[in-house]
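Visitor: I would like to learn how to read a model like this one. Please take me through it step by step.

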Amino acid sequence: MIDMAPNLTLVVAIAVLFAAGVYLVLERSLSRVLIGVILLGNGANLLFLVAGGRAGRPPIVGLEDERQMSDPLPQAMVLTAIVITLGMTAFLLAMAYRSWQLHRHDEVQDDVEDRRIARLAAIDERAFTDADTEATLQSLDEEAEEARDEVDDGLVREARPDDEQRDKEVAP
Amino acid sequence: MLLLLLVHLAAALVAPTLVRLWGRKAFWVLAAAPASAAVWALSWTSQVQRGDGPVQSVEWIPALGLELTFRLDTLAWLMTLVVGGVGALVLVYCAAYFSVSAQGLGRFGGVFVAFAGAMLGLVTSDDMILMFIFWELTTVTSYLLIGHYSDRKASRRAAMQAIVITTAGGLAMLVGVVLLGEAAGTYRLSEVVAHPPGGAAATAAIACLLAGAATKSALLPFHFWLPAAMAAPTPVSAYLHAAAMVKAGVYLVARFAPAFSQHELWRWIIVVLGCGTLLLGGYRALRQHDLKLVLAFGTVSQLGLITLLVGLGTRATALAGLAMLGAHAMFKATLFLVVGVIDAATGTRDLRRLSGVGRELKLTALAGALGTASMIGLPPFAGYVAKEAGLEAIEHLEDNAVGLIVLVSVAIGSVLTVAYGLRLWWGAFATKKAVVPESAIAHEAVATQADGARSPGSTSRVATQPDAEPAAISHPSLLLVWPAMILGVLGLAVALLPQLGEHLLDPYADTLGLGEPGHLALWAGFTPTFALTLVILGAGAALFAVRERIETLQARLTYRGPDADRIYRRFMRRLDDVAADVTAATQRGSLPLYVGLVLVVFVVGVGASLLVGGAWPDDVRVFDHPAQLVFAGATIASAVLVARARRRLKAVILLGIGGYAVAGLFLLQGAPDLALTQVLTETVTLVVFVLVLRRIPPYFSDRPLVASRWLRLAIGLAVGLTVAGIALVAPSARIHAPVTEHFAEEAVGWGGGKNIVNVTLVDIRAWDTMGEISVLLVAATGVASLVFLSRRTGQIFRARDAAPERAVWAGADPMAALRRGTDQARIDAPTTNREWLRAGSTLAPQRRSVIFEVVVRLLFHTMVVYSVFLLFSGHNQPGGGFAAGLVTGIALTVRYLAGGRYELGEAAPVQPGVLLGTGLFLSAGVGLGGLLVGGSVLRSWIVDLHLPLLGDVHLVTSLFFDIGVYLVVVGLVLDILRSLGAELDRRAEIGEDPPFDGTLPSLEEGASR
């Protein structure tokens, strides 16, 4: 089993990177958020290596003794993460630029719709009206009066006593 | 039985087509589906009576123990007859009831048959989960049927109310079913009923099941959805709200009564709900003016009675309950159908407007009379036989106190039934001395709308006027009368053979095994029960005689307290409010708040488990290599300074320094690949930042709140400490040998490479890499889209297309003071013929630097060659596609920085999209290639060739994968340079997007005001 004793120097560096990263991520300015994310990324990458075990020799077969090598798997993962961070940096910067173009600042604003809902909830108002569940002013009788089917209502005629006979003639 | 269900399903599916083809005549064909169910049940009658009805079981989801199990016993047989028989008759009725031009008939027919099928499945299924599924299917289809006129508000409201209430009950029932199934160890209905579990689980299950039954069968306090559901077309009311769906709850009670009827909770719920519903429904029915509403409240009342009878749990009550169930299905469906005829003939169902209908429509009046007679329990009708048996059975209940309460309630309820039954027939068919004019009713409606404070269920009284014209009467098709007539006559016919009914229904009653067996009889002598019946009929008739006064009294007693309907509305309103409050509380729309919340949860969750269960390491090391202290120190210092920086450029440069220091830490940890890649990305990142920072203000905007800064610092420190805890605990938490133990042999043997990290990327974990380059492609596309907006690509700037003014990066020259001579002199100076870069002459003269151009000229090709070397050697030494791509990217960056956008176009005259696409295609293609030659996806093949000049060539197919990675990375960098570099330059030159001029727009606005 490889030596897994953690390295204090790295642990302190990780802690500081995370603290500074979080401090910046909680900002509203998109460029500061981005810088914070990059710091967090660096911290996470170091954390990966620490979790992989103690420092060793480069994992290249033939060049080094295999027992002295550092763990290659976290390295492969971190390598992926580094390049992804580059892609994300570019994307967020493009967003910051676009935000500047549109609003002349790069701050992440609060969602307007969420604020509207919060404002309405505070005064117990509806964000929208749903006529299908609201209480009605109509009584049951009046509603029943309106609820007429589309029926085949035959022909309206004068009332006559001997009509039962003629029902059959009228029936379609 | 499965076949019958499939017949229903098929009929439901073809119904819209049939109706489109044949119009309303298609209902004749659709009626065949429920009719077949009824005929099928009839054909099994004798076997069912003997107790060996058919059982069918088909495996459905064996992993969950779900089976399609169906069983036809006496209870199911009766319900199938009701569901199938009434369903078929109502469908035939529909063929003449709706006008030819009525809207949505196809959908109506389909949903109606689907409902019949769901109902059939519900009553025959022998698996509790299956039963629940059919139960919910009836809920959904009934929602669609009640809301048939979806353009009417009242219909939608009624449908919504019905589905909310019945699904709430359905959910409770599901809980009950699961509790019961788990406690009994089986979900087979017949087995659970035969061997019911006991204890707390059973008690809870009873409460849940009865909640389901109460909502479905419109018992107190959920009764109000049924009258509102009268907004449905009348055939739907006749079927769902008289015969079928509302009986589902009764069916559930009857199904579980043999198991639980002696349970204390069961008894009390049944007695209280049954009696309460019986009395309330009857009372409310007395003063309704709409015939359908009279019937609806009457149904509520009758459902209370039937639930009471089947729930009480003696043999005699069970027999009477089942008889009542059948009788009610017949007479109530008859009456609804009759009301439909009246509606069609007169255009109204308001009994105050009707007069002389009986004289005009004699057959209809006769059918109505048959139904009414059965309903009020007049001999010799089915209702009478059932009610007699019920009264007789209740008199013989063992528990005297409860028995007395039930007897009195049923007697009063029956009196009310007689009264509203007579009033119904009188109101519908009698020739009255005076009616209410139509205008008065319209006027009343307007008045109540203005008033507004009325209870939704209340009605007001309008005086009759002797000279008012009653509603005109027409003669609808006789076809409308026959279904009602058949059901009415059937109600008389079965009553004439009471012994047959007893014989057929007894097998169910015997399952209860408590008390004496009951009997169905037309004439049992002058018993106390018969005397009671006479009293009931007399009192009911008396009540009918004084109906005017009762209406007045009820109107005066208008109940202003909490009414179930209003409580429901208020509850729904409160629910919406609570939902809005919760949304408002959690969904603040603020990014820092969300992120902060996530982080606090992380700190609390992970931190707590670290403190409680973390295994702290026995042994720590301060450093592996002294140089780590230097690099870690640089990392820490730069991180702290970055967090404090107010100037963007300062922050970015510090960030870069920190990044390089991290690369040093990687190197010392034994990860040269990482260090190389980190240095390269850090460089590209720096350039990208600077490209964008040209356009936005040099300082971060100020945050006004100091308090929030301390809070952010606190969260940051907490997260930092928590992560440090993880870093300390995680390494020693390892309990297995790492998976990478054999990576070395595998890398050489299978991957054909010595650099394990690279082989891991392109072979062992190639799927990860594939995903990653896809992300890069998306990110690159995103960058391009955010800048170019309407198109994916911009033009490629070639030097020959450049304008002759040499204007790239023109504008103020910050270094002018340091130069000799004026800019003008430099611009006018003759240019030499020697050009180090192809597009050098497109630059504004003051932006050119000969030294930079020369260095770039010398360096560019070297860098590209080096990157190719990294790419090819990466399999065995540090390097690989990522590093190579980044080196090429930096080479392009340098060309751009030295010569502007035309130089970039000259250096890489391709669209980045082409590079990205080719790269991904190549990587994926190699992966698929492995599949084609017989291996698994992304498998590498090693080819050793001996070429004449080059010597031995060791070729691994994953090299092409790596080339794909290389192309994607180059594409990403090129995309960044072209959008954030070249395109922004172009815009600045044509004045479209001026660089930041030192003033914030908000300040400008303030000044101009």
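The dialogue below goes from the chains to a single residue.

Guide: One caution before we start: this is a predicted model.

Visitor: How many helices and strands are there in chain B?

Guide: Chain B holds 40 helices and 4 strands. Chain A has 6 helices and 0 strands. Along its sequence, chain A reads α-α-α-α-α-α.

Visitor: What percentage of the residues of chain B count as buried?

Guide: A residue is buried if 20 or more other C-beta atoms lie within 10 Å of its own. In chain B, 50% of the 1009 residues count as buried. In chain A, buried residues make up 50% of 172.

Visitor: And contacts along the sequence?

Guide: Take contacts between residues at least 6 apart in chain B: 79% of them join residues at least 24 apart. For chain A, residues 24 or more positions apart account for 50% of the contacts with a separation of 6 or more.

Visitor: Now a single residue. Where does Ile976(B) lie?

Guide: Look in helix H39 of chain B, residues 958-989.

Visitor: Is Ile976(B) buried or exposed, and why?

Guide: Count its neighbours. Ile976(B) has 32 C-beta neighbours inside 10 Å, so it counts as buried.

Visitor: Which residues does Ile976(B) touch, leaving out those up to four places away in sequence?

Guide: In chain B, Ile976(B) touches Val688(B) and Val783(B); in chain A, it touches Ala90(A).

Technical notes
Residues are numbered from 1 along each chain as its sequence is written. Chains are lettered from A and ligands numbered from 1 in the order in which they are written. This is a predicted model: local features need pLDDT of at least 70, side-chain atom pairs count only at pLDDT 80 or more; totals for chains, interfaces and linings use all residues. Helices (H or I, at least four residues) and strands (E, at least two) are DSSP runs, numbered from the N terminus. A residue is buried if 20 or more other C-beta atoms lie within 10 Å of its own, exposed if 12 or fewer, and partly exposed in between; C-beta atoms are placed from the backbone. Two residues are in contact if their C-beta atoms, placed from the backbone, lie within 7 Å.
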